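Here are my notes for your read-through. Please keep the model open beside them.

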Amino acid sequence: MDTTMITNVSEYEEVAKGKLPKMVYDYYASGAEDQWTLKENRHAFERIRFRPRILVDVTSVDTSTTVLGHKISMPIMVAPTAMQRMAHPEGELATARAVSSHNSIMTLSSWATSSVEEVASVGPGIRFFQLYVYRDRNVVAQLVRRAERAGFSAIALTVDTPILGRREADIKNRFNLPSHLTLKNFEGLDLGQMEKTQDSGLASYVSGQIDRSLSWKDVKWLQTITSLPILVKGVITAEDTHLAIQNGCAGIIVSNHGARQLDYVPATISALEEVVKAAGGRVPVFLDGGVRRGTDALKALALGATGVFVGRPVVWGLAAEGEAGVKKVLQLLKDEFTLAMALAGATKISEITRAHVQTEQERLAQIPSTITYSRL
């Protein structure tokens with residue numbers, strides 16, 4: 001496909017699939033086991049309908065918002081995706097430049113193929129650091145300090161991966177990080193390489209390094225070693241929302257790890273409202289998983305999210321056209337989001353309300369939605 005003719009972010013996947021080795025494409029694209037949740041992350045958005053308001057002056061639509069005190073151009077940010085140099089030689093550096101040019105937020109994966117220092121070196125930008133907790137807490141403390149020194153603004157603590165989900169494509173492909181690449185943040189700690197195995201090299205790496213005993217006490221411990229706000233990434237229930245707030249988290253990311261962990265969990269957009277209600281406006285709630293259109297972002301905000309994070313589309317844009325591809329992915333989403341806001345009758349983020357959407361349950365029950373949520 002001629003990339004100049006691309007009109008939506010999903011079309012980048014086709015281009016990326018044609019460019020990437022099968023092992024790499026499958027790693028990025030696949031979900032766990034039957035991949036039911038992978039499909040549901042998309043399908044659940046399709047079941048939500050808009051209730052647009054008309055005869056609103058939409059001459060000017062302002063998509064800007066504030067996240068953890070940072071003013072950004074739109075509530076669409078970049079989720080952590082590992083090993084981006086498998087997609088393009090510049091990897092995370094290209095992504096960082098593209099996100100910065102859009103004045104949005106990039107989350108860098110612990111398992112990046114560029115270090116926090118390298119990403120910081122591309123220039124200013126608002127960046128969060130996604131953290132996996134290793135068994136060796138000294139490794140974790142060192143990594144957090146490096147992220148702080150590199151100017152990162154928050155820690156996104158991934159809490160749904162004590163063990164890697166069963167990703168059958170990776171097992172079939174005997175997935176491993178290509179030999180010319182390393183997990184750059186761990187290079188000096190002899191943790192930057194994966195061993196070749198008979199199944200997934202990443203699964204074996206996680207089994208050997210990641211702490212399965214991770215619990216809420218470790219969230220408290222993390223607060224003692226950093227002053228950065230901690231977002232808990234991987235919450236999909238009210239119960240865990242209450243615990244996250246009790247344990248001092250600065251925000252919650254409703255996430256099912258791109259449907260790569262436990263299959264048959266709900267789509268994140270289906271779990272969002274439960275978490276938003278439990279949070280009760282005390283902390284901001286974000287969403288990742290399945291966002292492919294500006295309309296998806298509008299639906300998430302109407303259901304109470306402060307913002308959304310986008311993962312795979314960024315990787316597809318990166319694989320297709322490097323930095324320019326990531327820029328275009330973000331531009332397409334922003335343009336769609338701006339248009340959707342205007343057609344729904346909202347001229348700024350604070351005007352997006354719960355009344356702008358109707359869920360499938362409400363449609364079946366024919367109950368009009370009139371609840372509104374405060375957004376931090």
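1. First, a term. A charge sits over a ring if NZ of Lys or CZ of Arg is within 6 Å of the ring centre and within 35 degrees of the ring normal. Arg-260 lies over the face of Tyr-27, 4.7 Å from the ring centre. The charged end of Arg-137 sits over the ring of Trp-221, at 5.6 Å from its centre.

2. On the basis for these notes: this is a predicted model, where local features need pLDDT of at least 70, side-chain atom pairs count only at pLDDT 80 or more, and totals for chains, interfaces and linings use all residues. Residues are numbered from 1 along each chain as its sequence is written, and side-chain values use heavy atoms, with hydrogens and water left out.

3. Tyr-27 is found in helix H2 (helices are DSSP runs of H or I, at least four residues; strands are runs of E, at least two; both are numbered from the N terminus). Tyr-27 is buried, at 5% relative accessible area. Buried means under 20%, exposed over 50%, and partly exposed in between, with a 1.4 Å probe and protein chains only.

4. Aromatic pairs next. Rings of Phe, Tyr and Trp (its six-membered ring) pair if their centres lie within 6.5 Å; planes under 30 degrees apart count as stacked, over 60 as edge-to-face, and the rest as tilted. The count by this rule is nine aromatic pairs. Tyr-27 and Phe-175 form a stacked pair, with 4.5 Å centre to centre and 10 degrees between the planes. Tyr-27 lies in H2 (residues 22-29) and Phe-175 in the loop between H7 (168-173) and H8 (201-209), so the pair ties together parts 148 residues apart in sequence. Phe-175 is buried, as is Tyr-27. Ring pairs link Tyr-25, Tyr-27, Tyr-28, Phe-175 and Trp-316 into a cluster.

5. Which residues does UniProt place under "binding site"? The unreviewed entry gives Tyr-27, Tyr-132, Arg-167, His-257 and Arg-260. Such annotations may be inferred rather than shown by experiment.

6. His-257 lies in the loop between strand E9 (251-254) and helix H11 (268-279). His-257 counts as buried, at 11% relative accessibility. Leaving aside neighbours within four places in sequence, His-257 is in contact (heavy atoms within 4.5 Å) with residues including Asp-160, Arg-167 and Lys-233.

7. Gly-258 is also placed in the loop between E9 and H11. Gly-258 counts as buried, at 15% relative accessibility. Gly-258 and Arg-312 are 54 residues apart in sequence, yet 8.5 Å apart in space, C-alpha to C-alpha.
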